[in-house]
Structures are given as structure tokens and as C-alpha cells.
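Keep the model open as you read.

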Amino acid sequence: MLICALRTALIQGSRVWHPSFRTLRAMSSTSGQLPNYETLLVSRPRENVLHVELNRPNKMNAMNQAFWREMVECFNAIAADTDCRAVVVSGAGKCFTAGIDLMEMASNVLQPEGDDAARMAWNLRRKICEYQESFTVIEKCPKPVLVAVHGACIGGGVDLITACDIRFCSKDAWFQVKEVDIGLAADVGTLQRLPKVIGSQSLVSELVYTARKMMSDEAQSCGLVGRVFPDKETLIEGALDMASEIASRSPVAVQGTKINMVYSRDHGVPEGLHYIATWNMSMLQTTDLMKSAQAALEKKSPKDVVYSKL
């Protein structure tokens, strides 16, 4: 039974956590160069930390066709980057994001190709699934992803942040599940993830049925965000500080923890326990365990331990 469980875990792991190398644009650790994107700006502000900025400030970081494609490329590359142990996502300009680019949606989504209704529906479903992957890829990435929200976070922005592991915001941040106001049901993650993030079906229903704004204080009180900062500058600094703390820990421990937390969220307690037992039957053999134990005995910080790349 244990062998079967291990085989199942490995198969599931290969499906979920290892992106196709055909789609990877690897982050260069030797030259220090990072990929260039049209809608994203990637930098390495701290050791083992990457900062991904939504970078269409003149368009309020609206999500166009290039954005949906580049999010997948970017986070698949991050998953394979052995120099990265934590990621911070933020938005350039005056706000986090205005959500989906409605002009592009009108041409790409509302006018699907196809000779009849069945074929148009088939192609439209394929396009929706592609959009879903643009945020699911954040969840699949084994590196913890922190998101720092300032100003408006509308529509697709809520889909994005609910796929992240840790959410911070500035005092001026506000959140809005806008889809019902434009005549559609949110279909790239909010309806599936938001109830599990804040734990109140009643509040989620209110937000998604009315499209009302949620301000930063309410977002913190309901658990959507963990911390509220005075302004964008302190927000980004706080997010990078947290990312550095995470990056200083064993990557085997941290990334294994994320993978198992995501798995356990979507499965029952018995299945989650079996999965972590199978996981740790190999991962407990890491040298990181002895290094961390020795540091604790010597009253050293995890930052004083040198862990191998993963």
C-alpha cells in the first residue's frame, strides 16, 4: 500500500509541480540576467527573492492577452529557478490592477472561433481554461508567493491574489469582485478559492453577488490579508522582509510545506496525512534537517545556515 501511495504521490507531483521544459524561459543564475516580459517586470531585490511587478501602469495594470501568457511563462521559470526561494508580486503605478482588459476580452472571448455553437463553445472553454492556468500556475509553483496590494484590486486581481500564499496590502487598498457588473460569473479562481481563504460563505456570497468594494480594514478583519501597511513603500518593504525570512529557511522544508498545504486544502485529513507521510519518507533524509538541528542547538539563526540549492 505504501509503495502504491508513493507511486501515486510521485505521479501527482510530476503532473502538478514540474512544468514542461518546452515552456520554460529559465532564470539565469550565472549571468544575473532575468527574462524580459511585455507586461511583467522581474527583479531580484534580495538574496533568493524575486519580485514580479504587474507592469502596465498606464493601463492600471489591466490584464491583456500578453499578460495571461506571460504569467504562465514567468512562474514556470520561477519554479525551475534554483536561486529563488520566495516571490513577491506587486503592481506598478497607482494601483495593483484594474482586472481584465475589457477591450481585449470583447475581441478574444466574446467572439470565439467556430462554425457552429458546439465548436464556438469548445474554443471558448479552451480559452477560459488557459486564463485559469495563468493564476493556477502561482499555486503550482512550489516557491511561496507573497502578494502586496495597493490601491484598486478589481476582478481578475482578486482571482490572482487568492492563488497566492500570503497577502499584504496598504491602507488605501480596496478589493472588488466585479464580474457580475459586467454580466458574467467569475471563472478564473475567485469563486473556488475565496471561500477557502476567508472562511465565510455568507460574506463571499455578498461580495460576489453585489460587486461591492471591500476596504483594507475589512479585508484584514475577515482574513483576506494578513497585514495592512500605511503606504505602498512600507508595504513593499514589509513584503520583501517577509520573503527574505522565508528564503532563509530550508528550501526542502518550505517548498514541501507549501505542496502539502495545497494538497491538504483540497483533500480530507486522512488523505493529507497519508500524503505527508509518503512525502517525508524521502524528504526527512535531507541534510537540511541535521544542519537546522545543529543550528538550533548552537542557538544560531536559520539565516546562519547554508542550505544547498533546490
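Helix α9 (residues 232–247) lies across β1, β2, β3, β4 (145–149), β6 (166–170) and β9. Relative to β6, helix α9 runs at about 160 degrees. This is a predicted model, and local features are taken from it where pLDDT is at least 70.

The strands under discussion belong to an open sheet of six, in the order β1-β2-β3-β4-β6-β9. Its pairing is mixed. At the edges stand β1 and β9 (227–229), each of which pairs on one side only. From one strand to the next, the twist averages 25 degrees.

Strand β1 (residues 40–46) and strand β2 (residues 49–54) run antiparallel, joined by five bridges. Ser 43 stands opposite His 51 in β2. The hairpin of β1 and β2 has two residues between the strands, and Asn 48 takes a positive phi there, near 65 degrees.

β2 pairs with strand β3 (residues 86–91) in the parallel sense, over six bridges. Here Leu 54 stands opposite Gly 91 in β3. β3 in turn pairs with β4, again in the parallel sense. Three bridges link β3 and β4. Val 89 faces Val 147 of β4 as its opposite residue. From β4 the sheet continues to β6, with parallel pairing over four bridges. The bridge partner of Leu 146 in β6 is Ile 166.

How many residues of β4 are buried? Five of the five are, so β4 is largely enclosed by the rest of the structure. Both of its faces are covered. Val 145, Val 147 and Val 149 are buried on one side, and Leu 146 and Ala 148 are buried on the other.

**The three-stranded sheet**

A further open sheet has three strands, in the order β5-β7-β8, with mixed pairing. The edge strands are β5 (152–154) and β8 (214–215), and each pairs on one side only. Strand β7 (residues 174–176) pairs with β8 in the antiparallel sense, over two bridges. Trp 174 has Met 215 as its bridge partner in β8.

Gln 176 also lies in strand β7. Is Gln 176 buried or exposed? Its relative accessibility is 9%, so Gln 176 counts as buried. Leaving aside residues up to four places away in sequence, Gln 176 touches Cys 153, Ile 154, Gly 155, Val 158, Asp 181, Ala 211, Arg 212 and Lys 213. Cys 153 and Ile 154, two of these contacts, fall within the range of edge strand β5 (152–154).

**A helix pair**

Two packed helices are described by the angle between their axes and the distance between the axes. Helix α6 (residues 190–198) packs on helix α7 (residues 201–210) at an angle of about 140 degrees, with the axes 9 Å apart. That angle makes α6 oblique to α7. The crossing of α6 past α7 is right-handed.

Which residues meet at this contact? From α6 come Leu 191, Leu 194, Pro 195 and Ile 198. From α7 come Gln 201, Leu 203, Val 204 and Val 208. The contact holds seven nonpolar residues, one polar and no charged.

In α7, the buried residues are Leu 203, Val 204, Ser 205, Leu 207 and Val 208. These buried residues pack against α6, β8 and α8 (216–221).

**Positive phi values**

Most residues other than glycine have a negative phi, and most peptide bonds are trans. Just after α7, Ala 211 takes a positive phi of about 60 degrees. Ala 211 is also one of the residues that Gln 176 touches.

Asn 61 has a positive phi near 55 degrees. Its place is the loop between β2 and α2 (65–80). With a relative accessible area of 3%, Asn 61 is buried.

Lys 299 has a positive phi of about 55 degrees, although it is not a glycine. Lys 299 is found in the segment after α12 (287–297). Where Asn 61 is buried, Lys 299 counts as exposed, at 76% relative accessibility.

Conventions:
Residues numbered from 1 in each chain as written. Predicted model: local features only at pLDDT ≥ 70, side-chain atom pairs only at ≥ 80, totals over all residues. Heavy atoms only, no water. Pairing = 2+ DSSP bridges. Axes fitted to C-alpha atoms, helices over the stretch in contact; angles between N-to-C directions. Parallel < 35°, antiparallel > 145°, perpendicular 65-115°, else oblique. Left-handed = near helix turned anticlockwise from the far one by under 90°. Contact = heavy atoms within 4.5 Å. Nonpolar A, V, L, I, M, F, W, Y, C, P; charged D, E, K, R; others polar. Buried < 20%, exposed > 50% of the residue type's maximum accessible area, 1.4 Å probe, protein only.
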